Amino acid sequence: MSQNTSVTVIGLGPMGRAMVRAFLAAGTAVTVWNRSRGRVDEMAALGATAADSAAAALAANEVAVLSLTDYPAMYDVLGPATAALAGRTIVNLSSDSPENTRRGGAWVRGHGAEFLSGGVMSAGDDIAHPASYIFYGGPAEVFERHRELLRPLSPPEYLGPDDGVAQLFYQALLVTFHPWLLAFDQALAVIERSGHDIDRFLPYAQRSAGAYPAFMADSVAAAKAGAGYDESMYRMMIAGARHIIDASADAGVDAALSRASLAWWQRGSAASKAAGRPVSVLELMRGS
């Protein structure tokens, strides 16, 4: 297990700054670098040590945590500092595709460093939120060596040696989050444009969300069993989507998201009729 009590953080956007604050609160010495100097000074005022370059930031500690926009940004930042990578461990918590992450891991190791990837599941940049955690992928021995050093960032969830697995799980969860966020905005717009109070609507929306885990479990069971919706279920979902579209239109609200849902239900129904058996939307999405 690592005895490190210091770490480097490169990339000081909202998430990177939250990470610096979490490390400092845990008593970890932090060296920081960012392409914009103002954010470096902001973190230095909290007790972090400012580095003058990415190379100096890497040289300061064995472990460097990256919080960047994507993996191309890693090449931009670390490319001029590859001589400083040897013997270091790069923990890249930036978002990207699983395959881009795997290529990034190979690039880092090609310059003599060890590599872990991560996907930060948090409520925005609130990494102290009780629901926050971080997926990690990469060699188990590297993860175990640095587990305690990384713990202040959020509870760690190690998924396995594949460099891409953390981003796979992270992006899969964002698949559900993005349309949900858009759908909730549509719901708020329908309530508001109909002359009602969204504060009154909120507790009902929160109560309804309590049923989502049961729907998720049912969906996983159906996926494992190869089960699809029967025609009566498709008829109900198609009718429901049309009612949502009509309610949105009545309120003058854009229902493009609901029209996309309707199209999927209609495709599933048509595929089931053509196949003479229930065909799930999941089956259509995965190209079975």
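## Charges, fold and sheet packing

The chain carries 23 positive and 28 negative side chains, and the centres of these two sets lie 4 Å apart. The model is predicted.

**Overall build.** The secondary structure comes to 12 helices and eight strands. Along the principal axes, the C-alpha atoms fill a box of roughly 65 × 45 × 30 Å. Of the 288 residues in the chain, 39% are buried. The accessible surface is about 14900 Å². Carbon and sulfur atoms hold 58% of that surface. Among contacts with a separation of 6 or more, 62% join residues 24 or more positions apart.

**The sheet.** Eight strands form an open sheet with mixed pairing. Their order is β3-β2-β1-β4-β5-β6-β7-β8. The edge strands are β3 (49-50) and β8 (156-160), and each pairs on one side only. Strands of a sheet pair through backbone hydrogen bonds, either parallel or antiparallel. Strands β5 (residues 89-92) and β6 (residues 114-121) pair in the parallel sense, over four bridges. Within this pair, Thr 89 stands opposite Glu 114 in β6.

**Helices on the sheet.** Helix α4 packs on the sheet. Helix α6 lies across several strands, including β7 (133-137) and β8. The table sets out both helices.

| Helix | Residues | Strands | Angle |
|---|---|---|---|
| α4 | 71-78 | β1 (6-10), β2 (29-33), β4 (63-66), β5, β6 | about 145° with β5 |
| α6 | 140-150 | β1, β4, β5, β6, β7 (133-137), β8 | about 55° to β6 |

Strand β2 is among those touched by α4. The edge strand β8 is among those that α6 lies across.

Key:
Residues numbered from 1 in each chain as written. Predicted model: local features only at pLDDT ≥ 70, side-chain atom pairs only at ≥ 80, totals over all residues. Heavy atoms only, no water. Pairing = 2+ DSSP bridges. Helix = DSSP H or I, 4+ residues; strand = E, 2+ residues; numbered from the N terminus. Contact = heavy atoms within 4.5 Å. Axes fitted to C-alpha atoms, helices over the stretch in contact; angles between N-to-C directions. Buried < 20%, exposed > 50% of the residue type's maximum accessible area, 1.4 Å probe, protein only. Areas by Shrake-Rupley, 256 points an atom, 1.4 Å probe, with all protein chains shown as cover. Lys, Arg positive; Asp, Glu negative; His and termini not counted. Charge placed at Lys NZ, Arg CZ, Asp CG, Glu CD.
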